[in-house]
Amino acid sequence: MTERPTLFWISGSTPAWRVMLALTLKGVAFESRRLDTGEDENRQAQYLALNPKGQVPTPVWGDVVIRESLAILGWLDRAFPARPIWGQDAAEAASVWQDVALLIEDLHPHLSEVGLGLMRREVIPKEAITALEAETDAWCVRLEASNYLGGTAPMASDIWLYPALYWIGRGVALNANPPVSLTDFITSCPALAAWRARMAALPGVADTYPPHWRTS
Ligand SMILES: N[C@@H](CCC(=O)N[C@@H](CS)C(=O)NCC(=O)O)C(=O)O
């Protein structure tokens with residue numbers, strides 16, 4: 001197959017951002033199809049035929065149409081094996097999967113509670129913030145020992161975490177009086193801040209930042 005994959009995405013969607021990051025880090029050129037939710041572009045029959053939930057991300061490559069960001073990250077490594085994001089061998093693959101599973105199992109519930117609260121401009125329970133900080137600290141400690149969660153190069157675990165932390169930052173920016181501890185959520189952990197800067201400096205990564213977050 002020679003043509004490039006087409007990626008359907010929505011600005012500000014962390015799952016879509018992950019897939020865009022993976023394509024970028026793997027050096028896979030793709031056609032970008034940003035959908036405008038204000039115009040219900042993700043609810044049109046043509047798009048629903050690709051993704052019946054009307055959700056993003058959805059990559060299309062010839063006859064291949066995939067939904068669910070994690071499945072897409074898995075597919076990408078098989079379809080475009082250069083510059084793997086799921087490790088170089090069986091042991092590394094297991095280690096990356098272990099991290100992704102732990103991020104989803106242990107970090108995501110707290111991230112979700114705090115992030116959704118911020119998006120809805122609700123008062124965030126102190127315990128929820130403390131739990132998020134404790135979980136984030138554990139990943140920060142990991143990053144004191146290596147440049148990336150994946151070791152010497154970013155893997156699917158780094159790709160999972162990067163947009164997730166920016167999503168909290170976006171929620172903080174949307175609130176007039178966000179909880180103080182969330183305003184220095186990243187900078188309070190130097191290893192995490194350094195990792196984020198390292199990720200952002202990789203070729204093409206800065207361009208994946210959600211465009212509407214730059215302007216509103
Ligand atoms: N589990 C899915 C989640 C996808 C998802 O929730 N996408 C949201 C954006 S973050 C979406 O497309 N929302 C648009 C809508 O439902 O109308 C994945 O990881 O791909």
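Analyst: This is a predicted model, in which local features need pLDDT of at least 70, side-chain atom pairs count only at pLDDT 80 or more, and totals for chains, interfaces and linings use all residues. Residues are numbered from 1 along each chain as its sequence is written, and side-chain values use heavy atoms, with hydrogens and water left out.

User: Which residue has a polar side-chain atom 2.7 Å from a nitrogen atom of the ligand?
Analyst: Oxygen atoms of the ligand are 2.6 Å from a side-chain N or O atom of Arg43 and 2.8 Å from a backbone N or O atom of Val56. For the nitrogen atom of the ligand, the residue is Glu68.

User: What percentage of the area that the ligand exposes when taken alone does the protein bury?
Analyst: Accessible areas come from the Shrake-Rupley method with a 1.4 Å probe. Taken alone, the ligand exposes 510 Å². The share buried by the protein is 67%.

User: Which element gives the most to the lining of the largest pocket?
Analyst: A pocket is an open set of points on a 1 Å grid over the protein atoms alone, with protein on both sides within 12 Å along at least five of seven lines, and lining residues have an atom within 4 Å of a point. The largest pocket is the space taken by the ligand, and 27 residues line this pocket. Helices H1 (14-26), H3 (69-79), H4 (90-119) and H6 (156-174) are the elements that give two or more residues to the lining. With five residues, the element that gives the most is H4.

User: What is the volume of the largest cavity?
Analyst: A cavity is a set of grid points where a 1.4 Å probe fits but cannot get out. The largest cavity has a lining of six nonpolar, four polar and no charged residues, among them Trp9, Trp17 and Met20. Its volume, the space filled by probe spheres set on the points, is about 50 Å³.

Conventions. A polar contact is a pair of N or O atoms within 3.5 Å; within protein, one must be able to donate a hydrogen and the other to accept it, and residues adjacent in sequence count only if both atoms are side-chain atoms. A molecule sits in a cavity or pocket if more than half of its atoms lie within 2 Å of its grid points. Helices (H or I, at least four residues) and strands (E, at least two) are DSSP runs, numbered from the N terminus. Ala, Val, Leu, Ile, Met, Phe, Trp, Tyr, Cys and Pro count as nonpolar, Asp, Glu, Lys and Arg as charged, and the others, Gly among them, as polar.
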